[in-house]
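Dear colleague,

Please find the structure below.

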Amino acid sequence: MKHLLSAADLTHEDALRILDTAGQMAATQAREIKKLPTLRGRTVVNLFFEDSTRTRISFETAAKRLSADVINFSAKGSSVSKGESLKDTALTLQAMGADAVVIRHQASGAPHTLAASGWTHGAVVNAGDGTHQHPTQALLDAYTLRRHLVGERGSVDASGRDLHGLHVAVVGDVLHSRVARSNVQLLHTLGARVTLVAPPTLVPVGVEAWPCDVSYRLDDVIVDGKPDAIMMLRVQRERMSSTGGGFFPSPLEYSRGYGLDARRMASLPEHAIVLHPGPMNRGLEISADAADSDRAVIVEQVANGVAVRMAVLYLLLAGEQPTTNRSAE
Amino acid sequence: MTTYLLRDVSPLGEARTDILLADGVVAAIGSALEAPQDAVEIDGRGLVALPGLVDLHTHLREPGREDAETIASGTRAAALGGFTAVHAMANTTPTQDTAGVVEQVWHLGRRAGWVDVFPVGAVTVGLGGERLAELGAMAESEARVRVFSDDGKCVHDPVVMRRALEYVKAFDGVIAQHAQEPRLTEGSQMHEGVVSAELGLAGWPAVAEEAIVARDVLLAEHVGSRLHVCHLSTAGSVEIVRWAKSRGIDVTAEVTPHHLILTDELARGYDPLFKVNPPLRTQRDVEAVREGLADGTIDIVATDHAPHPREDKDCEWAAAAFGMTGLETALSVVQETMVDTGRMTWADVARVLSSAPARIGRVDGHGRPLAVGEPANLTLVDPAARRVVRPEAQASKSVNSPFGGRELPGRVVATFLRGRATVLDGAPCDGGSADAR
C-alpha cells in the first residue's frame, strides 16, 4: 500500500491489517506514556484545503503519538487563498521533504491527482475529497462496529475478524456524502450488509451499481431490517433551499421521515448501536435523545479515529525509506 | 502557382486515377495524364483523395486567449488534419458578436492562409442569452456569417431561441445550438451515471441535452427554420433527431470524434484531459452516435477543437477547463470507428467531414465533388499508416489531446487549398501562406 486514496482500493486483507493494527495502537493509548518512537524523523504534512478541525486534529494527534514531525498547512491564510495551485503547493511541500501528505480537499479526486502527478514522492492519505471518499472515516467506523458487535463486546479481541453477518443502515444525505461512499465499499469488503436510507432526491443516479440496498423508508428498515447499527449522516440545512438544490421541502419534514429520535431508537434491536461521523445537527438528522443515549458510540468514534489513523500512517510509512530532498539532487 | 500531378490516387477510396491541380482548380482527372512542364508529381499509390475537410466547430481562441491558440496556430493544425476550411466559434474575448470582430477573425484567417476561416457569429450579445446580437450585420459583413452559435453556452430562453431561429431565415442562416439545460447542469463535472455516482463528481445528465434538443426541433418546426445541433452526445438525442427528420423538420446534427470513441469510464483516473462539455457518455451512447452517423441521422463530424493552456488541465478535476483538442486526430478517429469497422466508406467520410458541413455552413467552394473545374481543395490520406499520437509534436499551441500515447490509423499526407499545398509529406508548407497575403 503506497497511498490510501479510496476505500475501494482496500482488499479484505488490507482492511483487516489496518483494523488489527489499530487495535494494537489503541492498546498503547491506554498506557501512561502514549507516545511511540515509530515514525521519529519522518514528516507528515496535513494539507487542508477545506476547514475540518476534527479530522485535522485527529491526524495530527495520530502522527504525533508516533513521534512524526507534523506540519499543518491550511488553505486559509496561506498562499492558496491568493491563487496558488494544488500543484505549486504540493511541489513546495515536496521540497520541504514530506514523507506523507494527508490531504483534505473540496474537489473530488484531488488526492488522486496529487498521487498520480509526481508532484510529491510521499504517501498520500485522503482525508476527505469533495463528495467522493473519506477512507479513514470508514475504517474508524468499521473498527467501532467490530469492537461493539463482533466477538466479546468492548474487547479488542475481535482481531482478525471481519463484519460478516452484520447489517448496517446508513441514513441521510448519501448524494453529497463521502462517508457513505467509503462505508458502502469498506463494509461490503468486510462482509457486512449495508442499506442506504434517504429521500430519493438525496440518492445519486447510478447507485444501482453499488454493493448495497437502498430504501426510502427509514421506519421499514428499522422494523423489518433489524439493523445492528445505524449510521446517521450530517444533512446540511442549506440543501432545502432552492439555491442549495431544493432537495427536501423543510427540515421538519426531513426529521419526520429520516431523523433518529427516541421513538425510532425504541424500535431498533436492543443491541444496535448509533454512529455519526460528526459534526451533528441536533434536531435535524438526530435528536438529543438519540445522540446522548448510551447506545450512541459517537464520542468513541473520535477516539477510535486516532488509533485508526495511527495504524494507517504506520503501515504507509514504517519500513519505507525516508524521502530525500530531491530538489537538492 | 505550382502545378501538382497526383499520380495513382484513389478518389474517395475508389479506382486509382491521376488528378491534375492547376491554377487553383482540378484541371484534369484520368489515367496516365501527361505531366505539364514544371508540374510536381506526387506518388499517390495507396493514398485516398478526399475533398478538403470542413470543420463546422473549431475554437481558435483568438482574439483573447492567444496563450491557448491563435488563428495562425489553429489553422496550421487544421491543415495538418486535412482541413481546408474551419468555422471559428464565437466565444472569444471580445465575443464575435459584432461585424467588426467577425471581420477581424476573417482577415486574420486570410492572412494566415492555412485554411479558409469562417467566423461563427454569437446569437446573443456577449453570449449572455438575453438580447440578440446584430445577426444581420454579421451576415452582411465581409465575413458573410451564416452560422450563429452561443456555443459554450446554451440559448436556453425559449423566446430568444425562437426569435433567433426566425430572424436568420432572412439570410439563410442557421442556429447551431449547444444543447445544455443550464439549471439541470449547475456545477456539473461529468456524465451523470454509475461512474459519477462512484467518483462523487456532480452529474451532467443526458436529459439536460435531450430536453433542449427536443424543444429546439419543435421550435424549428413551428417557425420553419433551420436548426443545427452541436456535439450531440446521447442515445436519446439521436432518437429525437431521427424522429424530427422523419417529420421533415429542417435539423442537422454533429458528433465529435471524441464522442465516437471515448466513454465516461475514462474519468476514473480524475485526469482532466478527459473533462469535456458535453461530457463523455457511456458505451451505449457511443454505439448510438456511431449508428446515427452511419445511418445519416447525424449529418457531420465536427471537432469541437478546444485548446487550453497547460495550467488549465494540470490541476484537480473540478478546477480544470472543459475541452480537448481534435483537429489533428479527427480523421483518424473517424477512420478507426467508422471506416475500419466497415460502417462507412470513404465517400461517406467525404460527406460527413466535407460536403455536409460545407452545405450546413453555406460555404462556397468547399465540400465540392472531386471533378474537373472544381476548386482544388483536397486532402490525401494514407489509410494504411498507423501512428502514436504525441500532443507535444502537434501544431496546435495546446497539448490537451485525450489521445496522447494512443495508436490511431491514418495519416494526412498532403492538403491543398485552391491548388496550393498547405501540407506535403505530412509536414506543413510554412512558406506557403505567403501568396495569400
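This is a predicted model: local features need pLDDT of at least 70, side-chain atom pairs count only at pLDDT 80 or more; totals for chains, interfaces and linings use all residues.

Residues are numbered from 1 along each chain as its sequence is written, and chains are lettered from A and ligands numbered from 1 in the order in which they are written.

Annotated residues

An unreviewed UniProt entry lists Lys82(A), Arg178(A) and Arg234(A) under "binding site". UniProt positions follow the numbering used here, feature names are shortened, and annotations may be inferred rather than shown by experiment.

Arg178(A) belongs to helix H6 (residues 178–189) of chain A. Helices (H or I, at least four residues) and strands (E, at least two) are DSSP runs, numbered from the N terminus. Is Arg178(A) buried or exposed? Arg178(A) counts as buried because it has 23 C-beta neighbours inside 10 Å. The terms are set by the number of other C-beta atoms within 10 Å of a residue's own: buried is 20 or more, exposed is 12 or fewer, and partly exposed is in between, with C-beta atoms placed from the backbone. Leaving aside neighbours within four places in sequence, the residues in contact with Arg178(A) include His134(A) and, from chain B, Gly200(B). Contact here requires C-beta atoms, placed from the backbone, within 7 Å.

Arg234(A) sits in the loop between strand S8 (229–232) and helix H8 (251–258) of chain A. Arg234(A) is partly exposed, since 18 other C-beta atoms lie within 10 Å. Beyond neighbours within four places in sequence, its contacts include Gly172(A), Pro277(A) and Glu285(A).

For comparison, Glu32(A) is in the loop between helix H1 (12–28) and strand S1 (43–48) of chain A. Glu32(A) is exposed, because 4 other C-beta atoms lie within 10 Å.

The same record type also supplies a domain: UniProt (unreviewed entry) places "domain: Aspartate/ornithine carbamoyltransferase Asp/Orn-binding" at residues 252–316 of chain A. Over those residues the chain is 55% helix and 5% strand, and the end C-alpha atoms are 45 Å apart.

Contact between the chains

Chain A contributes 21 residues and chain B contributes 17 residues. On the side of chain A that touches chain B, helix H4(A) gives the most, with four residues. By class, that side has eight nonpolar, 10 polar and three charged residues. Ala, Val, Leu, Ile, Met, Phe, Trp, Tyr, Cys and Pro count as nonpolar, Asp, Glu, Lys and Arg as charged, and the others, Gly among them, as polar.

Helix pairs in chain B

Helix H4 (residues 158–167) and helix H6 (residues 206–223) of chain B pack at about 45 degrees, with axes 10 Å apart. Axes are lines fitted to C-alpha atoms, for helices over the stretch in contact, and angles run from 0 to 180 degrees between N-to-C directions. H4(B) is therefore oblique to H6(B); angles under 35 degrees count as roughly parallel, over 145 as roughly antiparallel, 65 to 115 as roughly perpendicular and the rest as oblique. The residues of this contact divide into six nonpolar, no polar and four charged.

In the second pair, the axes of helix H9 (residues 330–339) and helix H10 (residues 346–360) of chain B come within 11 Å and cross at roughly 130 degrees. H9(B) is therefore oblique to H10(B). Leu331(B), Val334(B) and Val339(B) of H9(B) meet Trp346(B), Val349(B) and Leu353(B) of H10(B). These residues divide into six nonpolar, no polar and no charged.

With kind regards

Conventions:
Two residues are in contact if their C-beta atoms, placed from the backbone, lie within 7 Å.
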